[in-house]
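Dear colleague,

I am handing over the structure below, followed by an account of what was found in it. Please read the account with the model open beside you.

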Amino acid sequence: MDETATYPGEVTALRPLGFHYFRVPRQRWELMLVRLRQMGADAVSTIVPWLWHEPHDDVFDLSGISHPERDLTGFLETCQAMDLPVTLGVSPYLGAGLLGGGVPGWLLAEHPDIRALGPDSQPRREVASGSLLPSAEHPTYLKYVERWYLKFSSALESWGWPE
C-alpha cells in the first residue's frame, strides 16, 4: 500500500517552516521561500508584529506604503504564487526578540498608566531588552489591541479561510 496516498476527507499534514518576512529585504522573499521549500517546507509560518505595522499612533501599514518590508499583503501574494499556505501568528505580545515583545513603544510612552506593575509596584520589564511591559488587562491597552485587530483583519479580509 502506498503510504503517501490520501483518502477522501483525509487532511494531509503540512510541514511549515518559520519565516519572518519583516526581517528580510522584500526583494529576497521569493529566494528565501525557495530555500524553505528546498529544506522540505510545504507551508510558511510567520508572525505579524504590531509595532512594525503601526509605527505611530493610528498609522497602519500592511501594504508596504511606508516601508517595503511592511507589505504583508505582498508577502501573502508571493506565498500564494509559490503555492505555499501561510499561518499567521497575530497577538499584541509576540516575544520573538522584538522590542517590547512587539507592542508599540509609542503606546506605553503615550499611556504610562497601562504599564504592568510587579508585586513591588515597580514597572515590569522584558528580561532581554528591558522594555516596559503593558498590563494585559488594562482597559486602555485593550482598546488599542482591539483597534489593531480590526485594522489587521480588515486589511486581510480577502485572505480569509475557507474561501
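A residue is called buried here when its relative accessible area is under 20%, exposed when that area is over 50%, and partly exposed in between, with a 1.4 Å probe and protein chains only. The model is a predicted one, in which local features need pLDDT of at least 70 and side-chain atom pairs count only at pLDDT 80 or more, while totals for chains, interfaces and linings use all residues. Residues are numbered from 1 along each chain as its sequence is written, and side-chain values use heavy atoms, with hydrogens and water left out.

Rings of Phe, Tyr and Trp (for Trp, the six-membered ring) pair if their centres lie within 6.5 Å, and the pair is stacked if the planes are under 30 degrees apart, edge-to-face if over 60 and tilted for the rest. By this rule there are ten aromatic pairs. One of them is the stacked pair of Phe19 and Phe75, with 5.6 Å from centre to centre and 20° between the planes. Helices (H or I, at least four residues) and strands (E, at least two) are DSSP runs numbered from the N terminus; in these terms Phe19 lies in the loop between β1 (16-18) and α1 (29-38), whereas Phe75 lies in helix α3 (residues 72-81), 56 residues apart. Both Phe19 and Phe75 are buried. Phe75 also pairs edge-to-face with Trp29, at 5.4 Å centre to centre and 80° between the planes. Because Trp29 belongs to helix α1 and Phe75 to helix α3, this pair ties together parts that are 46 residues apart in sequence. Trp29 counts as buried because its relative accessibility is 1%, and Phe75 is buried with a relative accessible area of 0%. Phe19, Tyr21, Phe22, Trp29 and Phe75 form one aromatic cluster.

Next comes the nonpolar core, meaning a set of buried Ala, Val, Leu, Ile, Met, Phe, Trp, Tyr and Cys residues joined through side-chain atoms within 4.5 Å. The largest such core has 32 residues, of which Phe19, Leu33, Leu72 and Phe75 touch the most other members. The elements giving two or more residues to this core are α1, β2 (43-47), α3, α4 (105-110) and α5 (139-155), and α5 gives the most, with five residues.

Finally, a salt bridge is a side-chain nitrogen of Lys or Arg within 4 Å of a carboxyl oxygen of Asp or Glu, and a search of the whole structure finds five of them. In one, Arg15 pairs with Asp42, the closest N and O atoms being 3.6 Å apart; Arg15 is exposed at 52% relative accessible area, whereas Asp42 is buried at 17%. Arg26 forms another with Asp71, with 2.8 Å between the closest N and O atoms. Since Arg26 lies in the loop between β1 and α1 and Asp71 in the loop between α2 (50-53) and α3, this pair ties together parts that are 45 residues apart in sequence. Arg147 forms a salt bridge with Asp57, where the closest N and O atoms are 2.8 Å apart, and Glu54, Asp57, Asp58 and Arg147 are linked in a network of salt bridges.

With kind regards
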